[in-house]
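These are my notes from one sitting with the model.

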Amino acid sequence: MTIKEITAKLTENAGKTLVMLHIRGDQSFRVNISGKPHLDQISGLLFLLGIVYLIRNVNPTISRYILLSLLVLPLSSISPAIPDGEIPNSARTIAIIPAVYLLASMGLWQLLQLIKVFSDRKYTALIAAFLAVLVTYVNLFDYFKTYARGLPDNNLGPSRFIADYIDKNIPTRVNL
């Protein structure tokens with residue numbers, strides 16, 4: 001590979017990794033719903049709001065370190081040597097998870113502070129509880145319904161096929 005090809009491949013991999021949280025995630029079914037972004041839509045919006053909050057309200061040195069961690073920690077996942085089907089890869093970018101959680105929670109905090117300006121504490125607490133329940137529901141639904149449907153053979157284990165075969169083809173009087 002030439003330097004130009006390596007640079008182009010590196011740029012392409014970086015672009016795929018950059019959008020994995022919001023647009024298109026892993027193609028593998030082993031970790032995530034195949035092709036689905038790694039964040040649900042609500043958490044994704046809170047994450048973006050958290051970045052805005054971080055830049056505007058947090059010590060600039062701390063902000064730089066957190067934002068830099070989002071860029072530096074996934075570097076191993078964009079290597080040009082990695083096959084195209086493995087980019088993006090949530091396992092190789094696992095180190096950014098604490099920063100992602102931090103930024104999503106900062107976004108929630110900023111949203112609740114904004115709501116608190118226009119309403120009382122009880123209403124703000126209700127909205128916070130509603131958002132928590134909604135995010136939990138969306139993720140549980142995705143995990144137990146959408147993710148399970150995306151697994152090979154609709155998540156039916158081979159043992160079920162073996163048991164069905166035995167039940168249909170071997171008489172019950174056979175003693176094993």
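**Salt bridges**

My classes are buried for under 20% relative accessible area, exposed for over 50%, and partly exposed in between, with a 1.4 Å probe and protein chains only. The model is predicted, so I noted the limits: local features need pLDDT of at least 70, side-chain atom pairs count only at pLDDT 80 or more, and totals for chains, interfaces and linings use all residues. Residues are numbered from 1 along each chain as its sequence is written, and side-chain values use heavy atoms, with hydrogens and water left out.

What is the partner of E12 in a salt bridge? I found K16, with the closest N and O atoms 3.5 Å apart. By salt bridge I mean a side-chain nitrogen of Lys or Arg within 4 Å of a carboxyl oxygen of Asp or Glu. Both K16 and E12 lie in helix 1, four residues apart, which is about one turn of the helix. I take helices (H or I, at least four residues) and strands (E, at least two) as DSSP runs, numbered from the N terminus. K16 is also partly exposed, at 25% relative accessible area.

I then searched the whole structure and got four salt bridges. One of them joins D142 to K36, with 2.5 Å between the closest N and O atoms. This pair links distant parts of the chain, since D142 is in helix 5 and K36 in the loop between helix 1 and helix 2, 106 residues apart. Is D142 buried or exposed? I read 13% relative accessibility for D142, so D142 counts as buried. K36 has 28% and counts as partly exposed.

Another salt bridge is formed by the side chains of R92 and E86, at 2.8 Å from N to O. I noted R92 as partly exposed at 29% relative accessible area, and E86 as partly exposed at 32%.

**Pockets**

I turned to empty space next. Rolling a probe the size of a water molecule over the atoms shows where such space is left. I worked on a 1 Å grid over the protein atoms alone, where a pocket is an open set of points where a 1.4 Å probe fits, with protein on both sides within 12 Å along at least five of seven lines, and lining residues have an atom within 4 Å of a point. Grid points are joined across faces, edges and corners, and a volume is the space filled by probe spheres set on the points.

The largest pocket has a volume of about 720 Å³. I counted 25 residues in its lining, and V31, N32, H38, L39 and N139 lie nearest its centre. Which helix gives the most to this lining of the largest pocket? I found helix 5, with five residues. Helix 4 (97–118) and helix 5 (121–149) each supply at least two residues. By class the lining of the largest pocket has 15 nonpolar, six polar and four charged residues. For these classes, Ala, Val, Leu, Ile, Met, Phe, Trp, Tyr, Cys and Pro count as nonpolar, Asp, Glu, Lys and Arg as charged, and the others, Gly among them, as polar.

The second largest pocket holds about 380 Å³. I have 17 lining residues for the second largest pocket, with T17, L18, L70, L71 and P74 nearest its centre. Helix 1 (3–18), helix 2 (41–57) and helix 3 (60–72) are the elements that give two or more residues to that lining. I sorted the lining of the second largest pocket into 14 nonpolar, three polar and no charged residues.

**Surface patch**

I found a nonpolar surface patch made of I162, Y165, I166, I170 and V174, with about 460 Å² of accessible area together. I166 lies in helix 6 and is partly exposed at 38% relative accessible area. V174 is in the segment after helix 6 (158–169), and at 41% V174 counts as partly exposed. I also took I166 against R121: they are 45 residues apart in sequence and 62 Å apart in space, C-alpha to C-alpha.

**Single residues**

I checked the peptide bond from I87 to P88, and this bond is cis, with omega near -5°. Most peptide bonds are trans. P88 lies in the loop between helix 3 and helix 4.

I placed Y65 in helix 3, and at 59% relative accessibility Y65 counts as exposed.

How values were computed: Patches are made of residues with over 30% relative accessible area and no salt bridge: like charges are joined within 9 Å, nonpolar side chains (Val, Leu, Ile, Met, Phe, Trp, Tyr) within 5 Å. Accessible areas come from the Shrake-Rupley method with a 1.4 Å probe; for residues, only the protein chains shown count as cover.
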